[in-house]
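Please walk through this structure in order, starting with pairs of charged side chains and ending with the overall fold.

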Amino acid sequence: MEQKHYKTMLLIVAFILIQPVIDILTTASILYIDFPITVGIVLRVLYLIGMSGFLVWMATKSKRAKAYFIYLAGLGGILLINFVVNYLTKDPYLLVEELTFYSKVVYFHVLFFGFLAIFQELQRMGTKISHLLIRYFVIIGTTIGIVFVLAHLTNTSLANYARSKEGWTAWFYAGNEIGAAMAIILPVVALYAIYKTTHWKQAYYWVPFILLSFGLLALGTKVGYGGVLLTILVGLFASGLFYFVKKDRSKRVRTNFVITAFLLIILLVITPVTPVFGNMFAHLNILGFDVTKEDVLDKKAKDKDKNADMISELPQLTGDQLENLVFSSREQYRANYKEQFQDAPFIQKAFGMGYAGNYEEPRRHQPLKTIEMDFHDWFYSFGYIGFLYFVAPLIYFSIMYIGQFIHHFKASWNYFNLLTGSSFIIGLGIAYTAGHVFTAPAVSIYMAFLFASMIVAIYNEGEQII
């Protein structure tokens with residue numbers, strides 16, 4: 001009976017492996033089938049329902065799973081209050097859009113607690129959750145990287161931008177979502193390469209990392225470039241920490257220190273030809289500055305030893321312009337929501353304004369929009385009480401993780417914790433700045449899987465973490 005239970009849990013977890021396939025099928029259904037319900041929506045809603053049912057069953061057998069279920073029941077209560085408040089307050093009230101939004105924002109929480117319960121049980125049965133995380137994320141990352149390469153070679157990639165900016169999304173429809181997912185996965189792929197590469201002859205283990213990095217750079221987004229840069233820097237820092245501080249002079253540490261340093265140099269050298277570099281200047285042109293990438297590069301070529309002259313070619317941005325460059329106009333939506341929230345009745349301040357704020361009837365050419373900064377969307381959509389309830393698991397389990405890290409401080413400074421931790425921090429950073437992490441099921445499934453894995457691994461695997 002226990003063996004059957006074990007296989008069932010592995011099957012539930014393995015759903016994450018087919019996410020890239022689901023995303024590609026979703027693209028096909030959007031482009032070639034004129035129907036509002038896509039393959040991705042159907043499969044992910046069914047998985048949400050299935051995970052919820054499994055967690056209910058687990059709650060009858062485990063005190064911890066019961067506690068997770070109680071939290072989710074409370075979350076359901078928050079959504080019910082939000083529904084009633086906004087149904088009675090907002091006119092018009094777009095029922096389908098509001099309910100769809102609910103299903104998206106609860107996805108992370110349901111899957112996080114579901115994965116947490118499953119991983120704790122799998123760990124009890126002898127499975128190393130750290131190995132499971134790395135194996136699955138490497139498979140997913142390699143798949144996505146190969147798709148980007150194939151799309152590029154066959155010239156079938158979708159454009160990430162409609163107008164002046166450059167960037168490609170391969171066969172994935174939503175650039176923001178696939179970019180966030182790839183950035184979260186990348187440090188774990190680097191972790192795999194580091195552990196497998198113990199000699200120069202094994203440098204081919206970095207191929208999945210390079211493939212996925214190619215895809216992230218091809219997107220032409222700040223998220224994509226920043227994800228690659230931060231991952232390389234963390235890998236370099238970790239190897240340097242082992243070599244110089246822990247005095248680990250093994251071939252693995254030396255080899256990976258040189259490889260990550262080499263990758264950093266390559267990234268910096270190719271930066272001027274990456275789409276994101278040109279896109280920054282395209283955005284500056286939108287802000288009214290007449291400066292081009294060619295102007296800056298020509299100036300640098302002529303005055304190689306005069307960096308100050310090159311920098312002087314860049315415009316001096318005001319605070320608002322810099323904010324617009326970083327947040328890509330999201331700060332304007334945030335200001336609009338803030339104004340709506342200040343004018344909202346007290347009950348909406350407490351429990352939120354629901355989806356897209358206190359909207360009017362949307363027009364065809366002006367669809368409803370959220371801020372696309374997840375924590376802000378949580379706050380304005382669910383108010384003070386709802387926001388605190390939504391962030392409570394992130395805060396609680398982060399504190400637990402940090403406490404365990406400090407308790408085993410010396411042993412905790414390992415490749416696994418540093419790189420998975422950077423994955424989580426990247427996810428939080430994207431959620432705050434660019435969104436599409438905690439409000440997009442296609443991405444939140446990775447964050448839920450990652451965070452649950454980190455919690456179980458640091459508590460139950462300790463110094464044997466990997």
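**Charged pairs, rings and core**

Arginine 330 and glutamate 372 are both buried. In this predicted model, the two residues form a salt bridge, with their closest N and O atoms 3.7 Å apart. Arginine 330 belongs to helix H16 (residues 330-343), while glutamate 372 is in the loop between helix H17 (346-351) and H18, so the bridge ties together parts that are 42 residues apart in sequence. Glutamate 372 also forms a salt bridge with lysine 369, where the closest N and O atoms are 3.2 Å apart. Lysine 369 counts as partly exposed because its relative accessibility is 33%, which falls between the limits of 20% and 50%. The charged end of lysine 369 also sits over the ring of tyrosine 333, 5.4 Å from the ring centre.

The search of the whole structure finds five salt bridges. One of them joins the side chains of aspartate 23 and arginine 44, at 2.8 Å from N to O. This pair links distant parts of the chain, with aspartate 23 in helix H2 (residues 19-32) and arginine 44 in helix H3 (residues 39-59), 21 residues apart. Aspartate 23 and arginine 44 are buried.

A charge over a ring is also found at arginine 249, whose charged end sits over the ring of tyrosine 243, 4.2 Å from its centre.

Next come the pairs of rings. A search of the whole structure finds 48 aromatic pairs. Among them, tyrosine 71 and tyrosine 389 have ring centres 4.6 Å apart and planes at 5 degrees, so the pair is stacked. The two tyrosines come from distant parts of the chain: tyrosine 71 is in helix H4 (residues 63-89) and tyrosine 389 in helix H18 (residues 374-407), 318 residues apart. Tyrosine 71 is buried, at a relative accessible area of 12%, whereas tyrosine 389 is partly exposed, at 24%. In another pair, phenylalanine 379 and phenylalanine 387 have ring centres 5.8 Å apart and planes at 85 degrees, so this pair is edge-to-face. Phenylalanine 379 is buried, with a relative accessible area of 17%.

Which residues have the most contacts inside the largest nonpolar core? They are Leu111, Phe115, Phe119 and Phe137, in a core of 133 residues. Helix H8 (residues 175-196) gives the most to this core, with 15 residues. Leaving aside neighbours within four places in sequence, leucine 111 is in contact with Tyr47, Leu48, Met51, Ile445 and Ala448.

Threonine 420 lies in helix H20 (residues 415-433) and is buried, with a relative accessible area of 0%. Beyond neighbours within four places in sequence, the contacts of threonine 420 include Leu133, Val188, Leu191 and Tyr401. Serine 213 is in helix H9 (residues 207-219) and counts as buried because its relative accessibility is 7%. Not counting residues up to four places away in sequence, serine 213 touches Leu186 and Val228.

Finally, the whole chain. The protein has 21 helices and zero strands, and 51% of its 466 residues count as buried. Among contacts between residues at least 6 apart in sequence, 75% join residues at least 24 apart. The accessible surface comes to about 22400 Å², with 64% of it belonging to carbon and sulfur atoms.

How values were computed
Residues numbered from 1 in each chain as written. Predicted model: local features only at pLDDT ≥ 70, side-chain atom pairs only at ≥ 80, totals over all residues. Heavy atoms only, no water. Helix = DSSP H or I, 4+ residues; strand = E, 2+ residues; numbered from the N terminus. Buried < 20%, exposed > 50% of the residue type's maximum accessible area, 1.4 Å probe, protein only. Contact = heavy atoms within 4.5 Å. Phe/Tyr/Trp six-rings, centres within 6.5 Å; stacked < 30°, edge-to-face > 60°. Lys NZ or Arg CZ within 6 Å of the ring centre and 35° of its normal. Core = buried A, V, L, I, M, F, W, Y, C linked by side-chain atoms within 4.5 Å. Areas by Shrake-Rupley, 256 points an atom, 1.4 Å probe, with all protein chains shown as cover. Salt bridge = Lys/Arg side-chain N within 4 Å of Asp/Glu carboxyl O.
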